[in-house]
Amino acid sequence: MSVREPSQSGALSAASCEAEAAAPGRCLALLPWDCFSAWLHCVCVVGFDLELGQAVEVIYPQHSKLTDKEKTSICYLSFPDSNSGCLGDTQFCFRFRQSSGRRLSLHCMLDQLDRDLPVSLKKDPAYYYGYVYFRQVRDKTLKRGYFQKSLVLISKLPYIHLFHTVLRHIAPEYFVKNEPFLEAVCSDVDHWPPPVPGKTLNLPIMGIIMKVRIPTCHDKPGTTHIVQFAHQEDTQISIALPTVHEVDLFRCFCPVFFHIQMLWELVLLGEPVVVMAPSPSESSETVLALVSCISPLKYCSDFRPYFTIHDSEFKEYTTRTQAPPSVILGVTNPFFAKTLQHWPHIVRIGEIKLPGEVPKQVKVKKLKNLKTLDSKPGVYTSYKPYLNRDEEIIKQLQKGVQQKRPAEAQSVILRRYFLELTQSFIIPLERYVASLMPLQKSISPWKSPPHLRQFSQEDFMKTLEKAGPQLTSGLKGDWIGLYRHFLKSPNFNGWFRTRQKEMTQKLEALHLEALCNEDLLFWSQKHTEVETVDLVLKLKNKLVCNSIPG
């Protein structure tokens, strides 16, 4: 399959892409495939070869670069484990490390767009996502007796709902029409506008137009912006996506209905968690649901929606010579029931179905009772939650099941519950960290900007008595113990580093503003030439630093 030559329409696409992105920041002219690259790294087709096993058959566009290690990861992660028995069509996603020593070059415009995203949706330069549409059907004409193939979208963007919707629309037709159809799909994507947060975007894909809105960091947490339909003269079908990234939260947590608050604590604290599921669909959705439950906090550790024994990190994550790392793994192979038996928290789920009746209470199970992947669904751990269980949310969701409330509405209730719980927890930390900022009157234009005060765990703990989570949450329990544990976690480190960076930038901006308000000519007359030159050099350096995107 040849690489499509830049056509006139491609040039127009680049021009329109550039115009779309003009608002976020200054950009260079976009080249053919730049618009495609803003959304996808490449599209892969993975098939099964009797001699080689799984193999990448097609990579498009052909100039897309993948290392041998990355291709191997994609091969193994694009097929369900043989025990899953996934006949028909299956969709799931995976996440894998980008090979070290190879940096993905991003356009300055895309860096700017990333800055406007909520922290949980920012690209992680070290990882790719793979969105899979796998088909396995009987075919007597083939030696193996089955047709097995996956169409895989590789992207830096964590937009699971968007890319699964794209695959549902294009994959069935691709399996019939093959590569020419794939080339047409990629051409459509190369005509998409850039993924600008906060704008309603029209994304044409093989005869339909998807209308989406990517959230921004300025959106009020918990709010959903309804995508409005504009009047259309053409005959193309339009579909509005309510979200680009959210999973069906209630459906994912149904098998462990009574333990949602404990699971929230485990994710918040960055504890090692394994999700054991019957198929990659269930494992990937549940892992993504867990990661999202502490939003708007960013989950700062590694997570793998679908993890296999062939993964390059398999030995690293399964060794018994050291404590399990802070990571959430989704697995389906029965082998993991023995290999990961030493992990402290294991979530076992069966086939995910929306309950037709009120779920029955299930006790937390002891780890020694988990012997095989066929063990009953539940949470296997010796962990004791810091907070008392919130019976109100359980009753509210149970009532929804009895009244046949739509799953979407149940998910909204659950998402709002997690959001309010996370906000109640994080607001006291936000308030304390804001107090570490020096007073504006201490900023002198002639001295270096003052430093932030050091974070003191004990000083923070003292603030909780009068300004703790009890102001916004009625939940009782050992909040102090939960905070002490959280302050040792990767999630706190990630959150605090972000806050430090933001506040340091604010101090730099205030210092620059103070300098701008001074009469430098008058100042220079009262100081030596050496001092004046020194000040000019410092000013030049400050202006250069502030003009570089970062």
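Which residues form one aromatic cluster with Trp-264? I looked this up first, and found that Trp-264, Phe-425, Tyr-432, Phe-455, Phe-460, Tyr-483, Phe-486, Phe-492, Trp-495 and Phe-496 form one such cluster.

**Ground rules.** I am working from a predicted model, in which local features need pLDDT of at least 70 and side-chain atom pairs count only at pLDDT 80 or more, while totals for chains, interfaces and linings use all residues. Residues are numbered from 1 along each chain as its sequence is written, and side-chain values use heavy atoms, with hydrogens and water left out.

**Overall.** I noted 18 helices and 13 strands in the protein, where helices (H or I, at least four residues) and strands (E, at least two) are DSSP runs numbered from the N terminus. Of the 550 residues, 50% are buried; buried means under 20% relative accessible area, exposed over 50%, and partly exposed in between, with a 1.4 Å probe and protein chains only. I also looked at contacts (heavy atoms within 4.5 Å), and among those between residues at least 6 apart in sequence, 72% join residues at least 24 apart.

**Aromatic pairs.** Rings of Phe, Tyr and Trp (its six-membered ring) pair if their centres lie within 6.5 Å, and planes under 30 degrees apart count as stacked, over 60 as edge-to-face and the rest as tilted. By this rule I have 34 aromatic pairs. I picked out Phe-455 and Phe-496, an edge-to-face pair with 5.4 Å centre to centre and 70° between the planes. This pair links distant parts of the chain, since Phe-455 sits in the loop between H13 and H14 and Phe-496 in helix H16 (residues 490–516), 41 residues apart. Phe-496 has a relative accessible area of 14% and is therefore buried.

**Helix H13 and its partners.** I then followed helix H13 (residues 407–434) to helix H14 (residues 457–467), and found that their axes come within 10 Å and cross at roughly 120°. H13 is therefore oblique to H14. The axes are lines fitted to C-alpha atoms, for helices over the stretch in contact, and angles run from 0 to 180 degrees between N-to-C directions; angles under 35 degrees count as roughly parallel, over 145 as roughly antiparallel, 65 to 115 as roughly perpendicular and the rest as oblique. On the H13 side I listed Pro-428, Leu-429, Arg-431 and Tyr-432, which meet Asp-459, Phe-460, Thr-463, Leu-464 and Ala-467 in H14. The residues of this contact divide into six nonpolar, one polar and two charged, where Ala, Val, Leu, Ile, Met, Phe, Trp, Tyr, Cys and Pro count as nonpolar, Asp, Glu, Lys and Arg as charged, and the others, Gly among them, as polar.

I turned next to helix H12 (residues 391–402), whose axis comes within 10 Å of that of H13 and crosses it at roughly 175°. H12 is therefore roughly antiparallel to H13. Here Ile-393, Gln-396, Leu-397, Gly-400 and Val-401 in H12 meet Gln-410, Ile-413, Leu-414, Arg-416 and Tyr-417 in H13, and the residues of the contact divide into six nonpolar, three polar and one charged.

**Backbone exceptions.** Most residues other than glycine have a negative phi, and most peptide bonds are trans. I found a cis peptide bond joining Tyr-60 and Pro-61, with omega about -5°, and Pro-61 lies in the loop between strand S2 (53–60) and helix H3 (68–77). The bond from Ser-295 to Pro-296 is also cis, with omega near 10°, and I placed Pro-296 in the loop between helix H9 (280–292) and strand S10 (302–304). Asn-178, not a glycine, has a positive phi of about 65° and stands in the loop between helix H5 (160–177) and helix H6 (179–189); at 38% relative accessibility, Asn-178 counts as partly exposed.

Ile-74 lies in helix H3 and is buried, with a relative accessible area of 0%. I recorded that Ile-74 touches Cys-44, Val-46, Leu-66, Phe-94, Phe-96 and Ile-154, not counting residues up to four places away in sequence. Ile-74 and Ile-154 are 80 residues apart in sequence and 8.9 Å apart in space, C-alpha to C-alpha. Val-132, in strand S4 (residues 127–138), is buried with a relative accessible area of 0%.
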